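Please keep the sequence and the model in view while reading.

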Amino acid sequence: MPFMTWQATAQSAPDAGSIQAALVQRGASVPAQDLTHWIMRSLDHQGLPFVVVDKREARVFVFDRDGRMLGTAPALLGLAKGDDGIKDLGDRPLAQIKPEERTTPAGRYLAQLDRNSLGQTIIWVDYEQAISMHPVRSLNPREQRLERLASPSVHDNRISYGCINVPVQFWRSVVLPAFRGTPGLVYVMPEVQALASVFIGLKVQKEAAAK
């Protein structure tokens with residue numbers, strides 16, 4: 001699925017119907033739609049740009065501060081299935097991280113552009129867990145990261161140590177402009193736990209609507 005190019009000009013904030021139409025048009029899963037609508041209705045994003053990471057679909061959606069979708073693209077995620085992270089990963093060499101520890105932890109993260117130890121621009125999602133979002137890097141040909149991103153299947157998108165890898169052009173044209181000069185939020189959806197168990201506000205909202 002091709003991704004939308006970033007639009008620099010912003011008009012009035014989209015209404016719920018426009019947000020829903022954009023989500024459906026771009027192939028967002030129903031849980032991703034539910035999460036995005038909750039974010040906008042509750043203003044949980046606090047007027048900041050935000051990213052929704054759908055781990056089950058191996059896809060990211062980037063939104064501006066008004067909830068307008070700027071783009072979507074496939075992503076590479078942690079090798080291991082799971083929603084919990086490990087706090088000390090940032091202090092350990094990659095070679096000491098076991099395969100079963102290489103998860104992309106679910107949750108809500110305040111994130112911003114920064115540089116890693118190599119001077120490369122990244123978005124720190126969770127510094128303690130050494131989780132970041134960055135353009136895909138094909139350092140080990142045997143991992144076939146570029147091929148995995150290009151594949152239509154979501155089953156081969158699990159390869160990283162936990163970081164979120166996105167296509168280079170998507171990073172340059174969508175992610176960087178959205179986060180330049182401002183912090184933002186990254187919402188990583190769970191793949192084992194229920195969505196509402198990770199995002200409690202969504203659970204509260206659904207329970208209130210059911211009364």
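The model is predicted, and local features need pLDDT of at least 70, side-chain atom pairs count only at pLDDT 80 or more, and totals for chains, interfaces and linings use all residues. Residues are numbered from 1 along each chain as its sequence is written, and side-chain values use heavy atoms, with hydrogens and water left out.

An open sheet is formed by 8 strands in the order 3-2-1-10-5-6-7-9, with mixed pairing. Strands here are DSSP runs of E with at least two residues, and helices are runs of H or I with at least four residues, both numbered from the N terminus; two strands pair if DSSP finds at least two bridges between them. Strand 3 (69-74) and strand 9 (164-166) each have a single partner strand and stand at the edges, so one side of each is left without a neighbour in the sheet. Within the sheet, strand 6 (residues 121-126) and strand 7 (residues 131-135) run antiparallel and are joined by 3 bridges. W124 has S132 in strand 7 as its bridge partner.

Buried means under 20% relative accessible area, with a 1.4 Å probe and protein chains only. In soluble globular proteins, nonpolar side chains tend to be buried together.

Rings of Phe, Tyr and Trp (its six-membered ring) pair if their centres lie within 6.5 Å; planes under 30 degrees apart count as stacked, over 60 as edge-to-face and the rest as tilted. The ring centres of F50 and F63 lie 4.7 Å apart with their planes at 15°, so this pair is stacked. It links distant parts of the chain, F50 in strand 1 (residues 50-54) and F63 in strand 2 (residues 59-63), 13 residues apart. Both F50 and F63 are buried. Y187 and F199 form a tilted pair, 6.0 Å centre to centre with 50° between the planes, and both are buried. Ring pairs link W38, F50, F63, Y187 and F199 into a cluster.

Technical notes:
Buried means under 20% relative accessible area, exposed over 50%, partly exposed in between (1.4 Å probe, protein chains only).
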